[in-house]
Structure formats: structure tokens, C-alpha cells
Amino acid sequence: MWRRVTSVSHLTFAHKSTVNKNACTFKCWESFTTEIPRKEKTTYQRAKTPFITFVLGGPGSGKGTQCMKIVENFGFTHLSAGELLRREIASNSADGIMILNTIKEGKIVPSELTIKLIQKEMELSDNYKFLIDGFPRSEDNRKAFEQIFGAEPDVVLFFDCPEDEMVKRVLNRNQGRVDDNIDTIKKRLKVFTALNLPVVNHYLEKGKLYKINGVGTVDEIYKQVHPVFSSFHFEQVRV
Ligand SMILES: Nc1ncnc2c1ncn2[C@@H]1O[C@H](COP(=O)(O)OP(=O)(O)O)[C@@H](O)[C@H]1O
Ligand SMILES: O=c1ccn([C@@H]2O[C@H](COP(=O)(O)OP(=O)(O)O)[C@@H](O)[C@H]2O)c(=O)[nH]1
Ligand SMILES: [Mg+2]
């Protein structure tokens with residue numbers, strides 16, 4: 001079992017970053033189990049450091065679908081940046097209309113706003129393993145995250161999928177999203193190439209990128225994803 005002992009975060013991130021060690025707040029945890037600890041559980045369950053995965057890929061590349069499987073198998077908390085923004089629109093917040101217009105245009109919401117929503121969810125969570133899905137979508141997003149959190153992601157997944165397949169999937173998504181129409185998709189694909197891909201290349205150069213072939217059945221694709229996480233020796237929820 002785990003209990004929260006403090007709420008400082010420059011401690012949790014300090015070893016990872018030289019950027020900004022005082023900028024964010026995270027929960028630290030300590031074990032108070034009376035059970036004899038099993039050796040294979042130690043690596044990440046006991047770490048006081050959040051384990052952050054960025055999940056990148058074009059619209060319809062399968063990010064959300066694969067995140068669900070990672071959650072199921074490895075107990076991550078899934079934070080979809082797009083979902084957090086849609087929730088903000090639905091709550092009629094002050095920024096709602098601006099976010100809605102940005103999403104309809106396939107553009108990118110100001111970094112500080114998206115990061116504020118992500119940070120809030122992470123602070124509310126008792127977990128330490130996070131999938132941040134659909135973020136960062138630009139170099140500005142990435143730099144702002146690393147500045148504010150004082151940390152880089154541990155893993156970056158990139159679902160590589162041809163445009164015609166992504167368009168087909170988005171048009172069939174059927175979730176009532178305002179951006180699932182051909183005009184917005186065309187704009188989103190341009191934004192993806194111009195702004196998202198530089199982020200992908202950044203993490204490729206840093207050796208943190210896991211490129212996944214996003215074509216195939218959901219299970220075929222997940223077969224490439226699973227080993228990325230099993231290599232970290234988390235306590236697995238289900239194999
Ligand atoms: N491998 C796949 N093959 C066919 N359809 C898929 C596959 N993965 C996801 N989908 C479907 O494509 C649509 C987009 O997937 P989603 O996970 O929402 O992508 P993203 O989050 O990258 O936009 C959804 O309707 C989903 O059910
Ligand atoms: O960090 C983010 C994530 C999403 N969005 C906006 O939200 C839309 C939908 O994002 P989501 O990740 O939900 O779309 P998906 O790629 O899953 O289709 C994007 O096109 C952007 O307009 C954004 O501005 N910043
Ligand atoms: Mg998605």
C-alpha cells in the first residue's frame with residue numbers, strides 16, 4: 001500500500017532536469033506495507049518520480065485506442081490533452097469558446113492552458129505512471145512543458161500512420177466531435193506536419209522515441225507497444 005507523505009515536486013523531478021527545479025508540485029509517496037517486498041516490484045513502483053509517456057501521432061493514428069490497452073495492461077493513468085480541452089469547453093469555462101474555435105480550426109491551444117489542465121489532473125492522481133496523449137503538439141508545447149514541469153518524458157511513443165488511413169478512421173470515428181470532418185482534418189494534417197513532427201524528431205534525436213507502425217489491427221499494433229513498457233519492469237496489472 002502507499003500513502004501520500006508530502007507534496008513537493010522539485011524533489012521528484014530534480015534528478016531529471018536542469019531546467020526549472022522549483023516549478024511544479026507533485027505528490028511523493030512512501031510504502032507502509034507490512035508485507036515482505038517482492039524484489040521484482042521495486043524498480044518503478046517505489047520510485048518517487050512520475051513516469052511520463054508522451055503519446056504522439058497524427059489525427060486518427062490510434063493514440064487513444066492504444067492508450068486504453070496500456071492502461072489495462074500496465075495501470076497507467078491516461079490523460080488525453082484533447083479530452084481535457086473538450087471537458088473545458090463542456091464546463092463553459094472562460095476559455096471554452098476560444099478552445100472550441102481553436103479545435104474547429106485544427107490549431108493548437110496556447111501551451112500554458114493545456115499544461116495547466118494536465119498538471120491539475122496529475123496532481124489529483126494517486127498514480128505515478130502517466131500517459132499524456134496528444135501532447136506536446138508543437139515545439140512551443142514541448143518547451144513550455146519541460147520548463148514548467150522541470151522534466152522530460154521517460155518514453156515517447158509515436159504512431160506512424162499514412163494520411164489516407166488516418167482520414168478514413170477519423171471520418172468513421174462517430175463520437176460527435178466538432179473536428180471530425182474533412183475540412184478540419186485537412187487543416188489538422190497540415191498542422192501535424194508543420195508543428196507536431198518537429199517534436200517527434202526532437203525526441204528521435206534524444207533517443208527517447210519509440211516509433212510504432214500504426215497500420216494493422218488494434219492487437220497487431222499493441223504487440224509492438226507492449227514490449228516498450230514491459231522493458232521497464234512495472235508491476236503489471238494484467239499480462
Ligand atoms: N488499428 C486500427 N484499425 C482500424 N481502426 C482503428 C484502429 N485503431 C483505432 N481505430 C479507430 O480509428 C478511430 C481513431 O482512433 P483513435 O484511437 O481515436 O485515434 P487518435 O486518438 O490518434 O485520434 C477510432 O474510431 C478507433 O476506433
Ligand atoms: O495538446 C493539445 C491537444 C489537443 N489540442 C486540440 O485538440 C484537438 C483534438 O486533439 P485530440 O488529441 O483529442 O485529437 P486526436 O489526435 O485524438 O484526433 C487538436 O486538433 C487541437 O486543436 C491542442 O490544442 N493541444
Ligand atoms: Mg485521440
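User: What should I know before I start?

Analyst: The model is predicted: local features need pLDDT of at least 70, side-chain atom pairs count only at pLDDT 80 or more, and totals for chains, interfaces and linings use all residues. Residues are numbered from 1 along each chain as its sequence is written, while chains are lettered from A and ligands numbered from 1 in the order in which they are written.

User: How do strands form a sheet, and what is the strand order here?

Analyst: Strands of a sheet pair through backbone hydrogen bonds, either parallel or antiparallel. Strands (E, at least two residues) and helices (H or I, at least four) are DSSP runs, numbered from the N terminus. Two strands pair if DSSP finds at least two bridges between them. Here an open sheet of 5 strands runs in the order 4-5-3-6-7, with parallel pairing. Strand 4 (77–80) and strand 7 (209–213) are at the edges; each has a single partner strand, so one side of each lacks a neighbour in the sheet. On average, neighbouring strands are turned by 20° against each other, direction ignored.

User: How many bridges join strand 4 to strand 5?

Analyst: There are 4 bridges between strand 4 and strand 5 (residues 129–133), and the two run parallel. Thr 77 stands opposite Phe 130 in strand 5.

User: Which strands does helix 3 lie across?

Analyst: Angles need axes: lines fitted to C-alpha atoms, for helices over the stretch in contact, with angles from 0 to 180 degrees between N-to-C directions. Contact means that two C-beta atoms, placed from the backbone, lie within 7 Å. Helix 3 lies across strand 3 (51–57), strand 4, strand 5 and strand 6 (155–160). Its angle to strand 5 is about 175°.

User: Which residues come closest to ligand 1?

Analyst: A residue is near a molecule or strand if its C-beta atom, placed from the backbone, lies within 6 Å of it. By that rule 15 residues surround ligand 1, and Gly 62, Lys 63, Gly 64, Thr 65 and Arg 169 are the closest. Helix 3 gives the most to this shell, 3 residues. Helix 3 and helix 10 (218–230) each supply at least two.

User: What classes of residue make up the shell around ligand 1?

Analyst: Ala, Val, Leu, Ile, Met, Phe, Trp, Tyr, Cys and Pro count as nonpolar; Asp, Glu, Lys and Arg as charged; the others, Gly among them, as polar. The shell around ligand 1 divides into 3 nonpolar, 9 polar and 3 charged residues.

User: Where does UniProt place a "binding site" that includes Thr 65?

Analyst: UniProt positions follow the numbering used here, feature names are shortened, and annotations may be inferred rather than shown by experiment. The unreviewed entry lists Gly 60, Ser 61, Gly 62, Lys 63, Gly 64, Thr 65, Arg 173 and Gly 216. Thr 65 lies in helix 3 (residues 63–74).

User: Which residues come nearest to ligand 2?

Analyst: Of 21 residues around ligand 2, the nearest are Ala 81, Gly 82, Val 109, Gly 134 and Phe 135. Helix 4 (81–90) gives the largest share, 3 residues. By class, this shell has 7 nonpolar, 9 polar and 5 charged residues.

User: What is Val 109 in contact with?

Analyst: Setting aside neighbours within four places in sequence, Val 109 contacts Leu 85, Ile 99, Thr 102 and Thr 114. Val 109 is buried, because 22 other C-beta atoms lie within 10 Å.

User: Which peptide bond is cis?

Analyst: Most residues other than glycine have a negative phi, and most peptide bonds are trans. The bond joining Phe 135 and Pro 136 is cis, with omega about 0°. Pro 136 lies in the loop between strand 5 and helix 7 (139–149).

User: What is the phi of Asn 174?

Analyst: Phi of Asn 174 is positive, about 65°, although the residue is not a glycine. Asn 174 is exposed, with 7 other C-beta atoms within 10 Å. Asn 92 also has a positive phi, near 55°.

Conventions:
Buried ≥ 20, exposed ≤ 12 C-beta atoms within 10 Å, placed from the backbone.
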